[in-house]
Amino acid sequence: EQLYEEDMNHKAQAATCILKLSMEPQNIGILADETLDRLLPVFSREMNQSTGKSSHSFSIAIACCMLCFSFYKTLHKQMADHNCGKCMLQTVDWSQKKFQTLLEDQDRATSQDERARIRVKIVRHCKLVNVCLLALMNLADDFKTENKMVNRGLCRMLTNMLDREECEELVVTVLAFVKKLVIMEQCKNACIDLRSVLLEHC
C-alpha cells in the first residue's frame, strides 16, 4: 500500500522491501502467483511517471526488482503484458539527455565540492541505466523481442553509451548487449552503424 502513497520516502521503503523479497528465489513463486500482476503495473507506471523526478533510491529499487524478475523466463510474459521492457527502455532513452546535462554541469562547476557532487550523481545515474540494460538483456530472449527493442532505438542508445568512461561497469554491459545484437540476422541493417562504432572503440 505504501507504493500508492504520495510520500517518496514511503514509496522507496516499500520498493526496497519488495526487492529484498525478490532477491530470494524461494519467494519468486509466491510473488508470481499472488502479487506480481498487481505489482508490475504499479512499477511500470511509477517508473514512467517518476523518471527524472523521483528519488534515486526509489528508481533503482524498482529497476532492481524488475532485474530480479527478468532472470525467470516464466515471468517474461507477465512483464511484457505490463510493458516493463518498454518503460525500462524509455528510462534508458531519457538517460541520454540527463547524462549530457550532468556532464555540462560538471564542466561549468566552479569548485571541487560541486564537481564531486555532480560526479556522485553521474555514478548513480549510470547505475540505474546499467540495471535497466541488464534487465532488458534478460528479456530479449527471442528475435521478436530483440527486434522490437532495436526498432525503438536501442542501437542508437547503446552507441551513445560506449564512451562513458565514468562507469566501466555500464560500458561492459553495453558491450555485452552489443555482442548479443550484432549476431542477430533480423537486426542486421539496424546494427550496421553499431558495428562501425564498436570497431572504433576496439
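In which helix does Cys65 lie? Cys65 is part of helix α4, residues 56–70.

## Basis of the model

This is a predicted model, in which local features need pLDDT of at least 70, side-chain atom pairs count only at pLDDT 80 or more, and totals for chains, interfaces and linings use all residues. Residues are numbered from 1 along each chain as its sequence is written, and side-chain values use heavy atoms, with hydrogens and water left out.

Helices are DSSP runs of H or I with at least four residues, numbered from the N terminus. A residue is called buried under 20% relative accessible area, exposed over 50%, and partly exposed in between (1.4 Å probe, protein chains only).

Cys65 has 0% relative accessibility, so it counts as buried. Its C-alpha is 8.6 Å from that of Lys20, although 45 residues separate Cys65 and Lys20 in sequence.

His76 belongs to helix α5 (residues 76–81). It counts as buried because its relative accessibility is 12%. The side chain of His76 makes a polar contact of 3.0 Å with the side chain of Asp141. A polar contact is a pair of N or O atoms within 3.5 Å; within protein, one must be able to donate a hydrogen and the other to accept it, and residues adjacent in sequence count only if both atoms are side-chain atoms.

## Salt bridges

A salt bridge is a side-chain nitrogen of Lys or Arg within 4 Å of a carboxyl oxygen of Asp or Glu. The count by this rule is six. One of them joins Glu46 and Lys11, at 3.1 Å from N to O. This pair links distant parts of the chain, with Glu46 in helix α3 (residues 36–50) and Lys11 in helix α1 (residues 8–22), 35 residues apart. Glu46 and Lys11 are both buried.

Asp81 and Lys77 form another salt bridge, with closest N and O atoms 3.0 Å apart. They are four residues apart in helix α5, so about one helical turn separates them. Lys77 is exposed at 58% relative accessible area, while Asp81 is partly exposed at 49%. In helix α6 (residues 84–108), Arg108 and Asp105 are three residues apart, about one turn of the helix. Their salt bridge has a closest N to O distance of 2.7 Å. Arg108 is exposed, at 56% relative accessible area, and Asp105 is partly exposed, at 27%.

Definitions and conventions
Helices (H or I, at least four residues) and strands (E, at least two) are DSSP runs, numbered from the N terminus.
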